[in-house]
Amino acid sequence: MAGLDFEAKYGDSHDIRTIFADEGVKFLLSREGKVPLSECNGKMICLFFSANWCRPCRGFIPHLVELYETLRKRGVNLEIIFVSFDREEDGFKEHLKSMPWLAVPFDVNLHRRLIDRYQVDRIPSFIPLCSDAIAVDEDLIGCIEDYGADAFPFTKKRHDELKAIDKRKREEANLEELLAQEGCNFLISGDDKKVLVSELAGKTIGLYFSANWSPPCRSFTVPLADVYNILNAAKDHCFEIVLISTDRDLKEFNVSRNSMPWLAIPYEDRVRHDLCRIFNIKGIPALVLIGPDGKVISENGKFMISSYGSEAYPFTESRIRDLEAALRKQGEALSKQVEDVKHEHVLKLDMAKAYVCDFCKNQGKFWAFSCDVCDYDLHPSCVEKVNKD
């Protein structure tokens with residue numbers, strides 16, 4: 001956890017006071033009213049460039065409020081000063097209502113000079129006044145969204161440390177390090193029972209990144225539930241899934257977990273967000289598989305489930321190689337093309353991720369006999385070869 005033991009080369013707060021004085025700024029503002037410039041004395045100063053009309057800015061402010069309040073509770077003597085990009089004073093005032101920190105009084109020309117001084121070309125921008133801070137083009141905003149107060153003291157060194165911690169967790173951490181945190185070492189079931197993370201020891205675990213609002217997630221949940229039920233019926237509950245929800249609110253989250261037979265990380269638990277970052281989840285659904293030893297087996301579990309279903313268990317590389325070898329052998333035993341009594345054209349052997357057999361109307365995957373002329377597919381078992389005798 002970041003704290004005062006992390007050193008940053010902060011400039012004297014008098015520097016910002018000198019700059020403000022040179023620009024004619026005689027006081028700062030809070031939500032309660034005017035604040036003297038001396039309020040900055042002895043504090044670590046960060047400038048926050050934002051605007052009420054900017055949706056990303058409004059979306060970022062809750063992250064920054066949480067960081068500000070957390071660091072204050074830790075005893076960090078930090079002050080944030082808002083510099084507005086707003087064009088109208090009403091927008092500035094409305095924006096300031098959402099901020100517990102200070103602001104430069106509204107003056108479009110003054111704000112423009114400060115924007116130029118600090119070379120701000122995008123908003124939101126967060127600029128710590130220290131020489132070794134993460135540069136704007138290195139995405140300090142993203143760093144704060146990812147790590148919250150642990151991003152403090154906003155230096156490149158600290159950012160590298162956090163990324164190294166994530167890498168270690170992804171490659172070496174056990175299940176409890178990934179799923180449990182101080183004050184929250186349990187998961188919840190659909191009927192609101194608490195299950196300790198430690199109770200999952202020795203099982204194969206799927207971390208399921210999903211959201212109820214996503215149609216692809218709802219579609220993938222169906223075959224995933226089939227695999228879950230098949231494996232646990234046959235192998236004494238050897239496979240557990242943990243929902244890592246990316247739902248937009250608690251109501252959606254409850255719909256998600258109540259429709260699934262497995263466990264979930266509580267919605268209010270920040271571990272949900274941390275796992276998305278640790279495993280670099282850019283799209284959902286996603287499934288990360290962890291072996292009985294607590295180590296990551298695969299970050300591409302969705303492909304394994306979609307391709308092989310429960311046969312992919314225990315989801316190891318060797319198991320997938322065996323399945324692929326068996327599939328190749330099956331293809332080698334089939335004719336390259338056939339004439340079927342039910343169809344007028346020659347059918348050629350083809351590989352398909354998924355298809356519907358035009359004879360039995362059941363879904364198939366992998367090997368199929370397909371027509372190049374028209375949209376016609378047959379399961380190999382549904383072929384009735386033409387007798388040429």
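Visitor: By class, how many nonpolar, polar and charged residues does the lining of the second largest pocket have?

Guide: The model is a predicted one, in which local features need pLDDT of at least 70 and side-chain atom pairs count only at pLDDT 80 or more, while totals for chains, interfaces and linings use all residues. Residues are numbered from 1 along each chain as its sequence is written, and side-chain values use heavy atoms, with hydrogens and water left out.

The lining of the second largest pocket has ten nonpolar, six polar and five charged residues. Here Ala, Val, Leu, Ile, Met, Phe, Trp, Tyr, Cys and Pro count as nonpolar, Asp, Glu, Lys and Arg as charged, and the others, Gly among them, as polar. The volume of this pocket is about 510 Å³. Its lining comprises 21 residues, and S306, S307, K353, A354 and K365 are the closest to the pocket centre. A pocket is an open set of points on a 1 Å grid over the protein atoms alone, where a 1.4 Å probe fits and protein lies on both sides within 12 Å along at least five of seven lines; lining residues have an atom within 4 Å of a point. The volume is the space filled by probe spheres set on the points, which are joined across faces, edges and corners.

Five elements each supply at least two lining residues: the helices α8 (215-234), α11 (301-308) and α12 (317-332), and the strands β15 (346-356) and β16 (363-371). Of these, α11 gives the largest share, six residues. (Helices, H or I of at least four residues, and strands, E of at least two, are DSSP runs numbered from the N terminus.)

Strand β16 also contains F366, whose phi is positive, about 70°, although F366 is not a glycine. F366 has a relative accessible area of 18% and is therefore buried; buried means under 20%, exposed over 50%, and partly exposed in between, with a 1.4 Å probe and protein chains only. D192, likewise not a glycine, has a positive phi near 70°. D192 is placed in the loop between β7 (186-188) and β8 (194-196), and its relative accessibility of 53% makes it exposed.

The loop between β15 and β16 holds C357, which is buried at 0% relative accessibility. C357 is in no disulfide, since a disulfide is a pair of cysteine sulfur atoms within 2.5 Å and the nearest cysteine sulfur, that of C360, is 3.7 Å away. Across the whole structure, the search finds zero disulfides. In the case of C40, the closest cysteine sulfur, in C46, is 11 Å away and so too far for a bond; C40 is buried, with 0% relative accessible area.

The aromatic residues form 18 pairs. Rings of Phe, Tyr and Trp (its six-membered ring) pair if their centres lie within 6.5 Å; planes under 30 degrees apart count as stacked, over 60 as edge-to-face and the rest as tilted. One of the pairs joins F49 and Y118, which are tilted because their planes stand at 55°, with centres 6.4 Å apart. F49 belongs to strand β3 (residues 44-50) and Y118 to the loop between α4 (108-117) and β6 (125-128), so this pair ties together parts 69 residues apart in sequence. F49 is buried at 0% relative accessible area, and Y118 is buried at 18%. Another pair, Y313 with F315, is edge-to-face, at 5.7 Å between centres and 90° between planes; both residues are buried.

Two rings have a charge over a face. K34 lies over F27, 4.6 Å from the ring centre, and R272 lies over Y267, at 4.2 Å; the rule asks for NZ of Lys or CZ of Arg within 6 Å of the ring centre and within 35 degrees of the ring normal.

Finally, the backbone has a cis peptide bond between F152 and P153, with omega about 15°, and P153 sits in the loop between α5 (140-147) and α6 (156-171). A cis peptide bond also joins I284 and P285, with omega about 0°; P285 is in the loop between α10 (271-278) and β12 (286-290).
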